[in-house]
Amino acid sequence: MQTADVTEELARRVVAAAGRALDVELTPDQALIQASPREGVDYQGNLAMSLGKRLGRPPREVAGLIAGALELGGIADPPEIAGPGFLNFVLRGEWLEARTGALLGDPRLGVPETAAPRRVALDYSSPNVAKEMHVGHLRSSVIGDALARLLRFAGHEVLPHNHLGDWGTPFGMLIEHLLDVSAGQRAIADLDAFYREARRKFDSDEAFATRARTRVVRLQSGDEDTLAVWQELVDESTRHFDEVYALLGISLTDKDIYGESFYNPYLASVVEDLEKAGLTDVSDGAVCVFPEGFRNREGDRLPLIVRKRDGGYGYAATDLATVRYWTAERGATDLVYVVGTPQAQHFAMLFAICREAGWLTGHAEHVGFGTVLGADGKTMRTRAGETVKLADLLTEAVTQAAAVVAERSELDAAVQAEVARAVGIGAVKYADLSGDRERDYVFAWDRMLAKEGNTSVYLQYAHARTRSILRKAGGLPGGTDVLLEAPEERALALKLLRFGEALKAATSGYAPHKLCTYLYETAVIFSRFFEECPVLKASSPELRDSRLRLTELTSRTLALGLSLLGIEAPEQL
Ligand code: ARG
């Protein structure tokens, strides 16, 4: 079964009515239908105000005419006209019952696939070789992974790519250092320590620095022995990254790696194309593009440097190549880059230039995110002042979660350990996803592992409770009849029918937190239902079955919603 969501369905009918009554042509969006915050009202249509202005007629009169022409097909009672001209809709009980019951047979829970699939190139995670992944990469990985899941579920094609920082001048010193330390064994236990040591030698040892510089030139000219050592560094680092991805349950694999080095062969022609298009200027020996509309405080135009004075290419040139590659060679209609907000200007300039160059005609989005802060409100660091390693952080999350789970769990040890993993990793991910991503957030164990409030633990408990009720009932009864008599039943059904609206908002706005909020509200409404409406001890078999069906739908909504965020929903907690 695939159906339009309620908003869409009402919108279509309101627009049709407006067409009949007022001879205007509107798109469904212009019906301005939304869930109503008012008690006793389910949806409201807000179009009469603007339409009245446009037609030069009193909005209440316009609302009245639309209401008079409405054909609702049993969805809702004729709307009441409120205030300046709101159309207030109350859904019909029978319709709501039938719609809810129909969800039971639909693995997609009433959420349609898009009629207009896009091909989305999605850049996320993107850590740097020979450096440990840090919390910034955690955010990119977690948000990017959730977006990949949401986009795919909506029916879009996703081309994930991991833009590894695997090229550039530091590789001279890193390669030399690896050669120095690796007479026999070459495993690097600690990437950050390795990087720091290379840097220390580079800064203090002139001979080493000279070797490093020569090595960069060899690397860039494609010297095979040098490339082999470079490859070792890359492999060693990806081994570390893969460990983190495995812990996080993130599906990025080695075939998704399109590091900076991948774009090397494209860079010369990128610059050539820009030169041919007359977009470049030479400034101080460097080839630059000054895109329209970017100026510093003094009013000077800002450059994106595409080729440095020494002939080398940098981060910006590489990103220009990514745009051209994913659009022209891979046919992406949408480009999405999940990278921290400090790079907002870089991406704004990048997109502007690519549009000027004609490489970008579709949609491009920089999905920015704020910083993870420590308890002191500053960028999160270890006590020793170092950046926190992701692997350590995730291990700690599982340890902390194990304590929380042990408090009330009666599960045996092996199951408990598995559950602790799902809870701990879920908590870290959810903390990352549940706030508006543009904001910074404070990393606090007690808050993210709280059993009450908008946390993944709360959602996982709610889900486990639904499973336990269904187990006790001996499973879900056949049939699809749903009875919505108590207000708590009605509220729960209505919320379950809004899953698609929440997913749409989360996906189109690259805003996973909107799905989090929806799931949290659903769990709260479920717990009210559970308090007020006995399920196993319902007053009649019909009511018991109906309540079990509502429990089942809640269960599936929470599990599917969490899975689209990349979070597991254990059967038992
Ligand atoms: N490696 C970069 C960093 O750690 C992020 C790369 C993001 N992607 C891109 N195409 N620029 O900051």
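**Figure 1. Residues 459-573, the span that UniProt annotates as "domain: DALR anticodon binding" in an unreviewed entry.** In this predicted model, the span is 69% helix and 0% strand, and its end C-alpha atoms lie 11 Å apart. Helices are DSSP runs of H or I with at least four residues, strands are DSSP runs of E with at least two, and both are numbered from the N terminus. UniProt positions follow the numbering used here, feature names are shortened, and annotations may be inferred rather than shown by experiment. Residues are numbered from 1 along each chain as its sequence is written. For a predicted model such as this, local features need pLDDT of at least 70, side-chain atom pairs count only at pLDDT 80 or more, and totals for chains, interfaces and linings use all residues.

Figure 2. The mean pLDDT (the predictor's confidence in each residue, from 0 to 100) of the protein chain is 94, and 98% of the residues reach 70 or more. The scores of the model are ipTM 0.99 and pTM 0.94. The chain is divided into domain 1 (6-91), domain 2 (119-162 + 259-369) and domain 3 (170-251), with bounds that come from an automatic or database domain assignment. Between the C-alpha centres of domain 1 and domain 3 there are 64 Å.

**Figure 3. Residues 8-91, annotated by UniProt as "domain: Arginyl tRNA synthetase N-terminal" in an unreviewed entry.**

**Figure 4. The open sheet of four strands, in the order E1-E2-E4-E3.** The pairing in this sheet is antiparallel; two strands pair if DSSP finds at least two bridges between them. Strand E1 (33-35) and strand E3 (80-82) are at the edges with a single partner strand each, so one side of each has no neighbour in the sheet. From one strand to the next, the twist averages 30°. Axes here are lines fitted to C-alpha atoms, for helices over the stretch in contact, and angles run from 0 to 180 degrees between N-to-C directions. Three bridges link E1 with strand E2 (residues 43-45) in the antiparallel sense. Ile33 faces Gly45 in E2.

**Figure 5. The open sheet of three strands, in the order E7-E8-E9.** Its pairing is antiparallel. Strand E7 (280-283) and strand E9 (304-307) are the edge strands, each pairing on one side only. Neighbouring strands of the sheet are turned against each other by 45° on average, direction ignored. E7 and strand E8 (residues 286-289) run antiparallel and are joined by four bridges. Thr280 has Val289 in E8 as its bridge partner, and Val282 stands opposite Val287 in E8. The two strands E7 and E8 form a hairpin with two residues between them, and in the turn Asp284 has a positive phi of about 60°.

**Figure 6. The "short sequence motif: 'HIGH' region" of UniProt, residues 127-137 (unreviewed entry).** This span is 27% helix and 0% strand. The C-alpha atoms at its ends lie 6 Å apart.

**Figure 7. The surroundings of the ligand.** Asp123, Ser126, Pro127, Asn128, His163, Gly165, Asp319, Thr322, Tyr337 and Val339 surround the ligand; a residue counts as near a molecule or strand if its C-beta atom, placed from the backbone, lies within 6 Å of it. The shell has three nonpolar, five polar and two charged residues. Ala, Val, Leu, Ile, Met, Phe, Trp, Tyr, Cys and Pro count as nonpolar, Asp, Glu, Lys and Arg as charged, and the others, Gly among them, as polar.
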